[in-house]
Amino acid sequence: MAVSIMGAVFGLFVGLVVAGSVSSTKFEELFQPSWAADHHVHEGDVLKLKLDYYSGAGFASKSKYMFGKVTLQIKLVEGDSAGTVTAFYMSSDGPKHNEFDFEFLGNTTGEPYLVQTNVYVNGVGNREQRNSLWFDPTKDFHNYSIRWSPRQVLFLVDDTPIRVHTNLERRGISFPKDQPMGVYSSIWNADDWATQGGRVKTDWSHAPFIASYRGFEISACECPVNVAAAENARRCTDDGSRRYWSDEPTMSVLSVHQSHQLMWVRAKHLIYDYCTDTARFPVTPAECVHHRH
Ligand SMILES: *[C@@H]1O[C@H](CO)[C@@H](O)[C@H](O)[C@H]1NC(C)=O
Ligand SMILES: *[C@@H]1O[C@H](CO)[C@@H](O)[C@H](O)[C@H]1NC(C)=O
């Protein structure tokens, strides 16, 4: 009796300690520069990434995670951002990697940014959607979030869902849920495709192009590098942490309100959806047939 109580208490303790939620407004606690540290500028709580003719810049989380919610507050490049892409994504490693992408496609002064989202499963992407926004993302900071549970991947802008990628494994469709992912962001030159199909090139006389960040927030099951992959997967998907991280109603299904928001976004702000691009995909991708939008 005493032994089992001790066991339960110890188990609870370990569960709370290892299933680490980390949330911070301080960049250094969660992230580190992964590309061109000399193009990072810290001003109080704000981090600025600079793109110029010589280099872009990027950062990566210090840890990997399985399931949870990641939010960054981003203020995109002001003025002429044509040719530039600012990305915020989660990704695992290796040739069969999974990835959830936000890519913010710049534009000429006064023309709208577009948000491209994509999902890679087992190394294969080609699941692009593009949305316009209902605000100017270069004027203020806005919250961009990825929520990942065993049931779905949700992309949110200021808590409004703009895309849901549902787990359809029961229909035989793979879902990314077995590889820990890092959190990344970067800004780089992509003027071969990003703006108006690549017709508008980056005007380097307007460099540096600056994306600003603050409010770094990760609330997820942490997968320490010194713990074996199988052990991390077990820990982050076992009953305890699944209840804790992923099976909260808000994490696993859309509320009625969120469903309505998503319908509104798709009606008013969806510019492109790979699911309906029959020229590119003569056979509708399997997950599009079954996805409810
Ligand atoms: C972003 O999230 C923070 C923290 O929850 C909140 O204070 C802020 O108002 C949000 N910003 C927008 C534009 O919704
Ligand atoms: C840039 O602006 C043009 C003109 O308004 C628009 O057609 C295009 O979708 C915008 N975004 C990108 C990324 O090209």
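Begin by selecting Ser-132: leaving aside neighbours within four places in sequence, Ser-132 is in contact with Pro-112, Leu-114, His-269 and Ile-271. Two residues are in contact if their C-beta atoms, placed from the backbone, lie within 7 Å. The model is predicted: local features need pLDDT of at least 70, side-chain atom pairs count only at pLDDT 80 or more, and totals for chains, interfaces and linings use all residues. Residues are numbered from 1 along each chain as its sequence is written, while chains are lettered from A and ligands numbered from 1 in the order in which they are written.

**Around Ser-132**

Ser-132 is placed in the loop between β10 (129-131) and β11 (142-148). Strands (E, at least two residues) and helices (H or I, at least four residues) are DSSP runs, numbered from the N terminus. Ser-132 counts as partly exposed because it has 13 C-beta neighbours inside 10 Å. A residue is buried if 20 or more other C-beta atoms lie within 10 Å of its own, exposed if 12 or fewer, and partly exposed in between, with C-beta atoms placed from the backbone.

**The whole protein**

Now zoom out. The protein has seven helices and 16 strands. Of its 293 residues, 35% count as buried. Among the contacts with a separation of 6 or more, 69% are between residues 24 or more positions apart.

**The eight-stranded sheet**

Select next the open sheet of eight strands, in the order β2-β5-β14-β7-β8-β9-β10-β16, with antiparallel pairing. At its edges stand β2 (31-35) and β16 (270-273), each with a single partner strand, so one side of each is left without a neighbour in the sheet. From one strand to the next, the twist averages 20°; axes are lines fitted to C-alpha atoms, for helices over the stretch in contact, and angles run from 0 to 180 degrees between N-to-C directions. Two strands pair if DSSP finds at least two bridges between them.

Strand β5 (residues 57-61) is antiparallel to β14, and four bridges connect them. Tyr-184 is also the bridge partner in β14 of Tyr-89. Strands β7 and β14 run antiparallel and are joined by eight bridges. Moving on from β7 (residues 84-91) to β8 (residues 99-105), one finds antiparallel pairing over seven bridges. Show Ser-91 here, which stands opposite Glu-99 in β8.

**The two ligands**

Select ligand 1 and display Gln-73, His-142, Asn-143 and Asp-158, the residues around it. A residue is near a molecule if its C-beta atom, placed from the backbone, lies within 6 Å of it. By class, this shell holds no nonpolar, three polar and one charged residues. Ala, Val, Leu, Ile, Met, Phe, Trp, Tyr, Cys and Pro count as nonpolar, Asp, Glu, Lys and Arg as charged, and the others, Gly among them, as polar.

Stay with Asp-158, in the loop between β12 (152-157) and β13 (160-166). Asp-158 has a positive phi of about 45° although it is not a glycine. With 13 other C-beta atoms within 10 Å, Asp-158 is partly exposed.

Ligand 2 is surrounded by Leu-105, Asn-107, Glu-111, Pro-112, Leu-114, Thr-195 and Gln-196. Its shell comprises three nonpolar, three polar and one charged residues. Within this group, select Gln-196, which is found in the loop between β14 and β15. Phi of Gln-196 is near 50°, a positive value in a residue other than glycine. Gln-196 is partly exposed, with 14 other C-beta atoms within 10 Å.

**A cis peptide and a helix**

Next, go to Pro-208, in the loop between β14 (182-189) and β15 (209-223). The peptide bond from Ala-207 to Pro-208 is cis, with omega near 0°.

The last stop is helix α3 (residues 229-237), whose buried residues are Asn-232, Arg-235 and Cys-236. Why do they lie on the same side of α3? They cover an arc of only 90° around the axis, the arc being that of the directions from the helix axis to the C-beta atoms. On the other side of α3, Ala-230 and Arg-234 are exposed.
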